[in-house]
Amino acid sequence: MSTLGHLSTEVLVIGAGGAGMYAALQAQSQGARVLLVDRSLIGRGGSTVMAQMTVAAAMGGACPDHWEHHLADTLEAGRGLCEPALAQIVCEQGVECIAQLDDWGVGWARDDGRFAQVHAPGHDRARCVYVDFLDTGPAVARTLRTRLVRTPEIRRIGEIAITDLVVRDGRCCGAVGLHLPSGTAITMQADAVILATGGLTRLYRRNSGSANSGGDGYALALRAGAELVDMEFVQFFPIGHLAPRLIGMDPIMWDPFRYKLGGRLLNAQMEEFTERYGTPENGRYRITRDLATYAITKEVAAGRGSPHGGAWLSFQHLDQATLRDAFGPVIDRLARNGIDLTRDAIEVAPIAHYHMGGVAVDERMHTGVRGLFAAGEAVGGSNGANRLSGNAITEALVFGRLAGAQAAQVVAATRGASGLPRWQGDGPERDWLANRRGRPAQNCAALIEQLQSIMADQVGPFRSAAGLAKARRQLAAMAKALGNSPPGGIEGFDPELLDWLDLRQMLLVANCVCQAAAERTESRGAHQREDHPGLDEAWQQHLSISMHDGALVLRKQPIDALERLAA
Amino acid sequence: MTHTAILRIQRGGPGQTPAEQDFEVRFDPGQSLLDGLRQVRARHDPTLAFRFSCINANACKECMMKLDGKTVYACTARLEARVMRVAPLPNKPLVRDLLTQIAPGDEVLGAD
């Protein structure tokens, strides 16, 4: 197999979701040459396009607000584990980014000319903007894509799956990837690289994300010498759709339904039950994600779950007119699935939705490996142990813009330095991929499903030492059987090769989640230990993960000590 | 109650004579063609190629293909207990099996 070629740029952005697209636009606007790549289609293959509703920012549309209030709510939701500087950046700069998207024509809903904002759980006031109906994600993605298309200086290439970052003399100088349609290895040289690869929800059997969110960026960062943080904190969206089978709709859709209509969360006896776990709702949407996940899981464990093992969500007290007024054509889509909300309650259960952890960065989105930045959900630390509703899109936009700006500055600073050697595309990272041979001994599509079951069963909302140890053993056995040699021998698109490469990344990332979850012997936010219930003040610190000689090294890190990443 | 569908899928790469291959898929009512295709890869033949990202939400718009001659999204077309003929979009360059090149021309490698 030969390489298709070697591309050279100044800023390489890996991942073309909300964060990646904004990073590319910002870097280019500051004079950098940009190459934006994605393993799927630009602006369509990730989580941004799937966002259902809320984007939190202190716009002051519904009522007076200030980013300091948003920050207070963010820190509270994070259960003491937010990196305060990163959380502040999201809340403070979020206002500008949401206004910028407004200027770019995204179409935030309005009430009498002012931003329409809903009051989401965990917020002290109405703060979340949105695009009707359930169109926030597509609108944000479309708006950024349109600007990209109008900026031809940014080179956009889809269907490139990055397999490794390249580091020379302690500097990240590019990446190697597989061009999926042709099956050839491609090398990309850059002066700055931004990881905007999203989260790791694909690791779980039931998840609300895209098939591309397997945590690629975490594996790339780790192998490049960067640090990961808070990997054990996976957010389970508590009321993910469970039954009856619903197609053509996102499993998170009940979030917007609850914002606009309230709704009642009921157990098998058709009683509201969240009060039993500390948060009475009385038909309104008040309970935060970690507490709701806890309540539903515990209620099911007590034998009071719905038929498929979740809770009932009922809007039966509402009439058709009210439903249509709130959700228009979505009601027809539900009808095509045989669902009439005035007649039937539906079943919901926790579903893997977002990852609070990720690549450790400082206030410049810099990882500690020179030239390597991260942005969006791929960043760890800004949301602590539990993310506040509505902060994800805001974080994508703010961190994307910031990483793009910082990368452009690095490029400007090094542009004059003629002595700086530029990577020519050679080396073991490229050879490993270009010289692949043989066919896989196993069905890697089936193995990915197996990994997803292991994670769902042992590393879900509730963990135990025994379960985590079992998961680690099973994952280690899978990694050993997979080996280190990617399959080759087929021209063109090879779906088995892609599965093999994905498994390689996913196994490493899953191992990180398991080890961190085993190490943290307390319960906090989204990480709940059945054998260590209750929050332990001594654990108000991060767990970082680095790789040394192929082994994971876990360390405790104090909150608010990002200077350790200075490079 | 579980039913069985026969997915009659057009296979092959660019320049090859296409050939149909049958796969039996067990399903619960309400499941989608995309659910069925993913089952084929995990249980029968992982070399089957098709495109998708968002799995369920019909947000990514990547899973377009022909079902019994009509253009559908695989994620919203329901499985039925009969022979279902599945083929790639005929008006897009074929990459392999059901996977076609649907990206804009300036977003593919080789565009300059």
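Tutor: "Buried" means under 20% relative accessible area, "exposed" means over 50%, and "partly exposed" lies in between, with a 1.4 Å probe and protein chains only. Helices here are DSSP runs of H or I with at least four residues, strands are runs of E with at least two, and both are numbered from the N terminus. The buried residues of α5(A) are A:Asp216, A:Gly217, A:Tyr218, A:Ala219, A:Leu220, A:Ala221 and A:Leu222. Just past α5(A) comes A:Gly225, with a positive phi of about 100 degrees.

Some ground rules come next. This is a predicted model, where local features need pLDDT of at least 70, side-chain atom pairs count only at pLDDT 80 or more, and totals for chains, interfaces and linings use all residues. Residues are numbered from 1 along each chain as its sequence is written, chains are lettered from A and ligands numbered from 1 in the order in which they are written, and side-chain values use heavy atoms, leaving out hydrogens and water.

Chain A has 14 helices and 24 strands. Its radius of gyration is 23 Å, close to the 24 Å that the globule rule gives for 567 residues, so chain A is as compact as a globular protein of that length. That radius is taken over C-alpha atoms, and the rule is 2.2 Å times the number of residues to the power 0.38. The C-alpha trace of chain A spans about 70 × 55 × 50 Å along its principal axes. Of the 567 residues in chain A, 65% are buried.

Contacts tell you about the fold too. A contact means heavy atoms within 4.5 Å. Take the contacts in chain A with a separation of 6 or more: 73% of them are between residues 24 or more positions apart. A:Thr279 gives a local view. It sits in the loop between β15 (264–266) and α7 (289–301) of chain A. A:Thr279 is buried, at 14% relative accessibility. Setting aside neighbours within four places in sequence, A:Thr279 touches A:Thr274, A:Arg286, A:Ile287 and A:Leu291.

A:Asp457 and A:Arg205 are 252 residues apart in sequence and 9.1 Å apart in space, C-alpha to C-alpha. A:Asp457 belongs to helix α12 (residues 444–458) of chain A. It is partly exposed, at 49% relative accessibility.

Next, the backbone. Most residues other than glycine have a negative phi, and most peptide bonds are trans. Here are some exceptions. The bond joining A:Asp132 and A:Phe133 is cis, with omega about -25 degrees. A:Phe133 is in the loop between β7 (128–129) and α4 (136–149) of chain A. A:Ala243 to A:Pro244 is also a cis peptide bond, with omega near -5 degrees. A:Pro244 is in the loop between β14 (234–243) and α6 (254–261) of chain A.

A:Asp169 is not a glycine, yet its phi is positive, about 50 degrees. Its loop runs between β9 (160–168) and β10 (171–179) of chain A. A:Asp169 is exposed, at 71% relative accessibility. In chain B, B:Asn58 is likewise not a glycine and has a positive phi of about 55 degrees. B:Asn58 is buried, with a relative accessible area of 18%.

Chain B has one helix and seven strands. From the N terminus, their order is β-β-α-β-β-β-β-β. A compact globule of 112 residues would have a radius of gyration near 13 Å, and the 14 Å of chain B agrees. Buried residues make up 55% of those 112.

Last, the meeting of the chains. The contact takes 41 residues from chain B and 44 residues from chain A. Between them they bury about 3100 Å², with carbon and sulfur atoms giving 49%. Buried area is the accessible area (1.4 Å probe) that two parts lose on being put together, summed over both. B:Asn56, B:Glu107 and B:Leu109 supply 23% of the area that chain B buries against chain A, more than any other three residues.
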